[in-house]
Amino acid sequence: MTGNNQTLILEFLLLGLPIPSEYHLLFYALFLAMYLTTILGNLLIIVLVRLDSHLHMPMYLFLSNLSFSDLCFSSVTMPKLLQNMQSQVPPISYAGCLTQMYFLMVFADMEIFLLVVMAYDHYVAICFPLHYTSIMSTKLCASLVLLLWMLTTSHALLHTLLMARLSFCEKNVILHFFCDISALLKLSCSDTYVDEMMIYILGGLISIIPFLLIVMSYIRIFFSIFKFPSIHDIHKVFSTCGSHLSVVTLFYGTIFGIYLCPSGNNSTVKEIAMAMMYTVVSPMLNPFIYSLRNRDVKRTLIRVICIKKISL
């Protein structure tokens, strides 16, 4: 109990998705299939990169980290969502909610940073092909990946510590299927000014600056190609960058859909739908985008399947 005779919240209720009860079983099966597909698809990318020495290159080092991040990103939300769809009362403890929020931010930030590094990798590969191996050295790539993990964990830890100092008194119903930082701030009975300012400042920097860097990388790529246009060079650009551009469009499209498009009366439903896109749909589709549009990954997959058949 507090001094004002208010009961402190020890757990929250995740309302989940606004699905009619008669469709719960159908959507449960759909989300379970999507989650299993996400796990298998991303694990396949990680295993292929590890098995084939031809894929021991910077681009595939970043891709395997992106697959790992996608796998974990989806695993932070989907098991709890599936559990809550089978439960009449979907509670999550206070500590569990903060833990989920922390890992959501870690893997969301990691996806953003990896997309920037992959854009830079494409820029170097296309604009400076003769110097690619010297610029994108193994030491540099490993250092970049380590730096990205340090940045994402530090940023997520900062917001988690700021959230942990807040009090939650009466309201404990989260209108979402995971512990979203904005939804939690709305429930707090403490002053959230510092938290909101940090979200606007750091969130803006982490979202906008990487996007601008990606755009600048592709502007430089296209300018370098159109200086000496040829069918071979244009085909090389699209074959190298097509998968990455698809993933960037899918990921940033949903983020901009949440924060830039005007909200109507169904803003909560729209936010939940958009959140499903970048926490569930995007991690599921990314392995297919990279495997179907990348010749090296397809060749490795075919080679592994053929070896498996021969061994049988």
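This is a predicted model: local features need pLDDT of at least 70, side-chain atom pairs count only at pLDDT 80 or more; totals for chains, interfaces and linings use all residues.
Trainee: What is the secondary structure of the protein?
Mentor: The protein comes to 10 helices and 3 strands. From the N terminus on, the elements run β-α-α-β-α-α-α-β-α-α-α-α-α.

Trainee: How many of the 312 residues count as buried?
Mentor: The share is 44%. The cut-off for buried is under 20% relative accessible area.

Trainee: What makes the contact between D195 and R165 a salt bridge?
Mentor: The closest N and O atoms of D195 and R165 are 2.8 Å apart. The limit is 4 Å between a side-chain nitrogen of Lys or Arg and a carboxyl oxygen of Asp or Glu, so the pair qualifies. The structure holds 1 salt bridge.

Trainee: Where do D195 and R165 lie in the chain?
Mentor: D195 is in helix α7, residues 193-227. R165 is in the loop between α5 (138-164) and β3 (173-174). They are 30 residues apart, and the pair links distant parts of the chain.

Trainee: Is D195 buried or exposed, and why?
Mentor: D195 has 3% relative accessibility. Buried means under 20%, so D195 counts as buried.

Trainee: Why is R165 called partly exposed?
Mentor: The relative accessible area of R165 is 44%. Buried is under 20% and exposed is over 50%, so R165 falls in between.

Trainee: How do you know that the span of helix α3 agrees with its number of residues?
Mentor: Helix α3 covers residues 94-127, which is 34 residues. At 1.5 Å a residue, α3 should span 50 Å. Its end C-alpha atoms are 50 Å apart, so the two agree.

Trainee: What makes α3 mostly covered?
Mentor: In α3, 26 of the 34 residues are buried.

Trainee: Why do β1 and β2 count as paired?
Mentor: Strand β1 (residues 11-14) and β2 are joined by 3 bridges. Pairing needs at least two, so they pair. They run antiparallel. Among the bridge partners in β2 are P91 for L13 and S93 for E11.

Trainee: Why do β1 and β3 count as paired?
Mentor: They have 2 bridges, in the parallel sense. At least two are needed, so β1 and β3 pair as well. In β3, V173 is the bridge partner of L13.

Trainee: Which residues of β1 form its covered face?
Mentor: F12 and L14 form the covered face. E11 and L13 form the uncovered one. In a regular strand the side chains alternate between the two faces of the sheet.

Trainee: Why is H244 called buried?
Mentor: H244 is at 0% relative accessibility. The cut-off is under 20%, so H244 counts as buried. H244 is placed in helix α8, residues 231-259. Beyond neighbours within four places in sequence, H244 contacts residues including H122, Y218 and Y290.

Trainee: Which residues does UniProt list for "transmembrane region"?
Mentor: The unreviewed entry lists several spans, including 25-48 and 60-82. In the model, residues 25-48 are 100% helix, with end C-alpha atoms 34 Å apart. Residues 60-82 are also 100% helix, and their end C-alpha atoms lie 32 Å apart.

Notes: Residues are numbered from 1 along each chain as its sequence is written. Side-chain values use heavy atoms; hydrogens and water are left out. Helices (H or I, at least four residues) and strands (E, at least two) are DSSP runs, numbered from the N terminus. Buried means under 20% relative accessible area, exposed over 50%, partly exposed in between (1.4 Å probe, protein chains only). The expected span of a helix is 1.5 Å times one less than its number of residues. UniProt positions are given in the numbering used here, feature names are shortened, and annotations may be inferred rather than shown by experiment. Contact means heavy atoms within 4.5 Å.
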